[in-house]
Amino acid sequence: QVQLVESGGGLVQAGGSLRLSCADSERTLSAYAMGWFRQAPGKEREFVAAIGWTGTSTYYTDSLKGRFTISRDNVKNTVYLQMNSLKPEDTAVYYCAADHVKFRSATRTMRFISEYDYWGQGTQVTVSS
């Protein structure tokens with residue numbers, strides 16, 4: 001069973017960068033497409049980015065293209081989210097999630113929460129102005 005643990009969140013000034021990591025303690029993450037979502041206080045959880053199981057396909061929410069980059073290292077069973085030029089509106093709890101089926105590429109379908117079965121506990125990102 002996939003067990004996801006996020007790390008790398010913290011407090012950063014506007015314009016700064018953070019890299020989030022999502023590791024799978026059970027070493028099964030490499031077979032799944034993965035996604036990053038975020039949830040700000042009082043708002044619904046929203047899609048950020050997804051990456052296919054091989055790492056060769058990615059999909060982003062339009063508003064974050066160019067600032068956020070998703071990647072993965074299947075040897076390390078880890079998925080990353082590099083976040084640059086951070087803005088106060090990026091403040092949220094960031095969650096990684098694993099696809100509910102194995103061996104899929106990242107497509108626009110991956111923006112839906114219902115496509116994921118396994119979730120991490122989240123990591124807080126706070127961007128100060």
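Which residue stands opposite Ile-51 in S6? Thr-58 does. The legends below take this and other details view by view.

This is a predicted model, in which local features need pLDDT of at least 70, side-chain atom pairs count only at pLDDT 80 or more, and totals for chains, interfaces and linings use all residues. Residues are numbered from 1 along each chain as its sequence is written, and side-chain values use heavy atoms, with hydrogens and water left out.

**View 1. Strand S5 pairs with S4 and with S6.** Strands here are DSSP runs of E with at least two residues, numbered from the N terminus. Two strands pair if DSSP finds at least two bridges between them. S4 and S5 run antiparallel and are joined by 5 bridges. In this pairing, Trp-36 stands opposite Ala-49 of S5. The two strands form a hairpin with 6 residues between them. Gly-42 lies in that turn and has a positive phi of about 75 degrees. On to S6: S5 and S6 are antiparallel too, with 3 bridges. Their hairpin has 6 residues between the strands. There, Gly-55 takes a positive phi near 90 degrees. Buried means under 20% relative accessible area, exposed means over 50%, and partly exposed lies in between (1.4 Å probe, protein chains only). In S5, 5 of the 6 residues are buried, so this strand is largely enclosed by the rest of the structure.

View 2. A pair of aromatic rings is described by the distance of the centres and the angle of the planes. Rings of Phe, Tyr and Trp (its six-membered ring) pair if their centres lie within 6.5 Å; planes under 30 degrees apart count as stacked, over 60 as edge-to-face and the rest as tilted. The count comes to 7 aromatic pairs. Phe-37 is buried, at a relative accessible area of 0%. Phe-47 is buried as well, at 9%. Tyr-59 is partly exposed, at 24% relative accessibility. One aromatic cluster holds Phe-37, Phe-47, Tyr-59, Tyr-116 and Trp-119.

**View 3. The charged end of Arg-45 sits over two rings.** A charge sits over a ring if NZ of Lys or CZ of Arg is within 6 Å of the ring centre and within 35 degrees of the ring normal. One ring belongs to Tyr-95, with the charged end of Arg-45 3.7 Å from its centre. The other ring belongs to Trp-119, at 5.0 Å from its centre. Trp-119 is also a member of the aromatic cluster.

**View 4. A disulfide joins Cys-22 and Cys-96.** A disulfide is a covalent bond between the sulfur atoms of two cysteines. The cut-off is a pair of cysteine sulfur atoms within 2.5 Å. A search of the whole structure finds 1 disulfide. The sulfur atoms of Cys-22 and Cys-96 are 2.0 Å apart. With 60 degrees about the S-S bond, the link is right-handed. Cys-22 lies in strand S3 and Cys-96 in strand S9 (residues 92-102), so the pair ties together parts that are 74 residues apart in sequence. Cys-22 is buried, at 0% relative accessibility. Cys-96 is buried, at 1%.

**View 5. Strand S8 sits between S3 and S7 in an open sheet.** The sheet has 4 strands in the order S1-S3-S8-S7, with antiparallel pairing. Its edge strands are S1 (4-7) and S7, each pairing on one side only. Neighbouring strands are turned by 15 degrees against each other on average, direction ignored. For such angles, axes are lines fitted to C-alpha atoms, for helices over the stretch in contact, and angles run from 0 to 180 degrees between N-to-C directions. S3 (residues 18-24) and S8 share 6 bridges. Leu-81 of S8 is the bridge partner of Leu-20. Tyr-80 of S8 stands opposite Ser-21. Tyr-80 also stands opposite Ser-71. S7 (residues 68-73) and S8 pair over 6 bridges. They form a hairpin with 4 residues between them, and Asn-77 in the turn has a positive phi of about 55 degrees. In S8 (residues 78-83), 5 of the 6 residues are buried, so the strand is largely enclosed by the rest of the structure.
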